[in-house]
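Have the sequence and the 3D view ready.

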Amino acid sequence: MTNVSENPRPGTAFGLMSEAPRQGGYGPVTTKPWSQEDYAHPSAAWGAALSVGQVLLRERQPVRGSLAMLTMNHPIKGFDCPGCAWPDDQKGLKLDICENGMKHVTWEMTHKRVGPAFFAKHTVTELAEWTDYELENAGRLTEPMVYDAELDRYVPISWDDAFTLIGEELRGLDSPDEATFYTSGRLSNEASFLYQLMIREYGTNNMPDCSNMCHEASGRALTASIGSGKGTTTVEDWEQTDALFLLGVNAASNAPRMLTALSNAVKNGAQVVHVNPLIEAASRRTTVPHDFVDMALFKTHETGTLDLQVRPGGDMALMRGIAKVVFEAAETDAAVLDTAFLERFAEGLAEYRALVDATSWDDLVIQSGLSEEQIRAAGAIYLKADSAIVSWCLGVSQHEHAVDMVREITNVLLLRGNIGRPGAGPAPVRGHSNVQGNRTCGINHHSPAWLLDKLDEVCGITSPRRPGLDTVGSIHQMHAGAVKVFVGLGGNFVTAAPDTVFTAEAMSSCRLTVQVSTKLNRSHIVHGAKALILPCLARSERDEQASGTQGQTVEDAMSMVHLSVGGRKPASDHLLSEPDIIARMARATIPDSATPWEEYVADYARIRDVMARVLPGFEGFNELIATPNGFRIPQPARERDFRTPTGRAMFSAAPLHDVRPPAEDMLVLQTMRAHDQWNTTIYTANDRYRGVKNLRELIFLHQDDMRERDIATGDFVDIVATSKDGTERHLRRYRAIAYDLPRGSAAGYMPEMNVLIGPNDFSAQSDQPLMKSINVRVARSD
């Protein structure tokens with residue numbers, strides 16, 4: 001069966017892709033020649049400093065942008081970086097910032113504005129021809145707008161009328177389940193709590209969020225293994241550990257402040273093992289820009305001691321190989337296993353040991369893509385370490401069997417008691433600033449019964465108990481016409497989701513789409529019959545309510561919660577905060593609600609008082625965040641309190657899955673970010689750490705795979721992806737780039753390549769789109 005999703009010209013399919021590079025699509029249009037060369041410099045260092053300077057000048061914010069460095073990530077009075085979820089410094093560092101964070105904030109500080117005059121000049125049909133870069137680069141949204149179908153333009157609407165429209169449409173549905181409510185990781189804890197409260201009081205659990213596309217597998221696996229969906233480590237653990245394994249993590253681009261922790265770990269004598277199909281710049285050396293002496297002396301520090309280039313999805317085989325090394329060593333030295341820990345806290349060891357014993361070295365080598373010697377070297381590092389951390393990101397979680405992969409990680413940690421003690425534990429690397437906090441505060445399409453019971457008791461509502469729709473489910477139900485209203489708080493849903501055309505068709509099938517945003521993006525252009533754009537404050541901007549300036553909280557990837565207070569003048573007098581937008585939407589939708597929405601918005605401390613009564617670990621919330629650096633939510637598994645059905649940590653006994661391409665002429669493609677982008681926001685067409693300039697429509701290939709296909713570097717190639725259901729999707733005329741990665745694998749950039757992921761290409765274990773395991777054929781273009 002073949003269902004070819006061609007690569008149409010902009011405008012013919014919502015302006016989402018381009019058959020020829022640089023004629024519409026995603027990245028910035030450039031006429032400069034492309035180039036690619038090996039990158040041999042340290043990560044961060046002067047390259048990062050120069051890049052930040054260029055961004056400040058390009059956005060005409062050299063003064064305000066520089067001042068932002070002095071307040072971003074500062075305790076109590078500073079604002080939290082809207083970028084990654086890496087923990088803030090706990091030791092008083094004055095410049096706890098990174099290149100990507102400064103790009104992100106400066107991008108929000110732009111002097112450009114998108115208001116009524118802008119929309120009067122441009123129809124939506126015209127804007128569909130613009131690239132995603134051009135849409136965001138137009139500037140900050142300034143006031144609420146509504147789509148006028150006769151004019152094919154967005155036109156101004158008052159806030160009151162916008163909320164009236166939302167309320168009428170939501171009340172007019174036959175069932176609350178005909179609406180779905182998306183959440184981006186940019187939402188604060190307070191806004192997340194209000195949002196899920198509104199949605200559940202309205203009567204649905206349809207709460208797709210960005211976790212559904214990123215770390216859903218991690219949460220499900222950790223919950224099954226240790227009774228909690230979060231990691232157990234702190235930054236201090238990273239500096240104390242003897243061995244640190246990083247799987248599927250590109251730290252220099254995705255969490256640059258992690259580089260400090262990596263270099264400190266190596267300085268302290270730890271073995272730092274990077275496991276990734278591509279050898280990334282973060283695995284070699286760094287110079288952290290706030291280390292002024294090192295910068296002046298061009299002094300670098302190691303950030304890794306070993307690179308292991310697994311095939312995509314081969315991480316599980318590597319972990320099982322490490323377990324095999326441990327069990328072999330235990331045959332002659334029983335102390336290798338932490339017997340006391342295992343007998344008291346774990347269950348399922350015997351079954352797991354039998355499974356590992358039955359797994360041959362040949363299978364481990366084939367499935368990992370590594371040699372037996374390499375796997376044994378990793379096992380030796382783990383055996384020698386008194387404490388060990390295993391950390392992972394999307395290179396692990398966006399696979400078919402990602403839940404089994406993450407559970408294999410916890411299996412290995414359990415063997416030597418590496419959970420619940422200093423310098424040890426599992427550590428998922430969350431990608432977006434408050435994505436973990438969203439889930440903590442109730443953004444979950446399938447929340448546990450205890451949370452719903454407590455929410456109902458404290459807030460006086462009756463939460464629905466049936467599971468709601470996640471991201472993939474929402475897309476399918478919108479496409480089928482069963483979901484008629486889409487509300488998105490932050491993000492760029494159409495561009496971020498898989499099968500971009502299918503998702504766009506789903507969005508355009510809605511009766512109403514509502515987008516709460518700071519800047520224009522593709523999800524405003526691909527809209528329902530009725531559509532609203534509601535502009536909100538950026539995190540760095542001052543939020544004034546009836547009781548005065550407000551702060552909101554975020555939770556980082558290691559469960560630290562702290563206050564974020566914006567200080568800049570808002571980009572427009574017409575902007576509302578996200579809590580205010582949610583509260584007004586709730587009042588318009590549920591006019592008889594007994595929830596004191598207006599009181600909550602007048603003083604966010606009142607929201608936190610309610611959260612303190614609902615959420616475990618938030619008792620005394622307002623007092624806790626008044627302290628420098630905030631507080632850490634108690635993590636039961638860190639205390640070896642494993643809240644599984646048995647009360648013990650659970651070994652899993654999943655089979656070793658075949659992650660090779662299904663046919664000899666196929667490759668396994670993984671999508672990833674370039675360095676000069678953040679999620680779907682693309683700053684330039686460069687990827688400094690991979691040596692690429694002025695090019696995004698590319699595919700990285702192994703030199704031997706290219707030779708077999710008679711492809712040379714720079715050749716145009718066509719990419720054909722075969723989905724689970726047998727359908728095909730095509731990308732035309734992408735540049736082939738030779739790169740150091742395993743045979744049989746390939747890599748390229750999201751969101752350009754999201755079109756290759758079919759609507760049924762999601763994991764049966766986690767429902768996550770398979771963005772790291774796309775089966776493709778590559779051939780020279782005609």
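Start with a pair of strands. Strand β17 is joined to strand β18 (residues 530-535) by six bridges, and the two run parallel. Strands here are DSSP runs (E, at least two residues), while helices are runs of H or I with at least four residues, and both are numbered from the N terminus. Two strands count as paired if DSSP finds at least two bridges between them. Within this pair, V514 stands opposite L532 in β18.

The model is predicted, so a local feature needs pLDDT of at least 70 and a side-chain atom pair needs pLDDT 80 or more, whereas totals for chains, interfaces and linings use all residues. Residues are numbered from 1 along each chain as its sequence is written, and side-chain values use heavy atoms, with hydrogens and water left out.

β17 has another partner. Strand β16 (residues 485-489) runs parallel to β17, and five bridges join them. Here G488 has Q515 in β17 as its bridge partner.

Is β17 enclosed or open to the outside? Six of its six residues (512-517) are buried, so β17 is largely enclosed by the rest of the structure. Buried means under 20% relative accessible area, exposed means over 50%, and partly exposed lies in between (1.4 Å probe, protein chains only). In a regular strand the side chains alternate between the two faces of the sheet. In β17, L512, V514 and V516 point one way, T513, Q515 and S517 point the other way, and all are buried.

Now widen the view. These strands belong to an open sheet of six, in the order β6-β5-β18-β17-β16-β7, with mixed pairing. Its edge strands are β6 (153-156) and β7 (179-183), each pairing on one side only. On average, neighbouring strands of this sheet are turned by 20° against each other, direction ignored. Angles run from 0 to 180 degrees between N-to-C directions, and axes are lines fitted to C-alpha atoms, for helices over the stretch in contact. Strand β5 (residues 145-148) runs antiparallel to β6, with four bridges between them. V146 has V155 in β6 as its bridge partner.

Helix α8 (residues 189-202) lies across β7 and β16, at about 170° to β7. Its 14 residues should span 20 Å at 1.5 Å a residue, and its end C-alpha atoms are 20 Å apart, which agrees. The expected span is 1.5 Å times one less than the number of residues. Because 14 of the 14 residues of α8 are buried, the helix is largely enclosed by the rest of the structure.

Look at both ends. At the start of α8, a side-chain oxygen of S188 comes within 3.5 Å of the backbone nitrogen of E190. Just after α8, G203 has a positive phi of about 125°.

T204 sits in the loop between α8 and α9 (211-214). Which side chain makes a polar contact with the side chain of T204? That of D177, at 2.6 Å. A polar contact is a pair of N or O atoms within 3.5 Å; within protein, one must be able to donate a hydrogen and the other to accept it, and residues adjacent in sequence count only if both atoms are side-chain atoms. A polar atom of the T204 side chain also lies 3.1 Å from the backbone nitrogen of N206. T204 is buried, with a relative accessible area of 0%. Leaving out residues up to four places away in sequence, T204 touches P176, D177, A179, F181, I199 and P464. Contact means heavy atoms within 4.5 Å.

**The five-stranded sheet**

A second open sheet has five strands in the order β12-β9-β8-β14-β15, with parallel pairing. β12 (306-308) and β15 (425-428) stand at the edges with a single partner each, so one side of each is left without a neighbour in the sheet. Five bridges pair strand β8 (residues 243-247) with strand β14 (residues 388-392) in the parallel sense.

| Helix | Strands touched | Angle |
|---|---|---|
| α15 (315-330) | β8, β9 and β12 | about 155° to β8 |

**The whole chain**

The chain holds 32 helices and 33 strands. Of its 782 residues, 66% count as buried.
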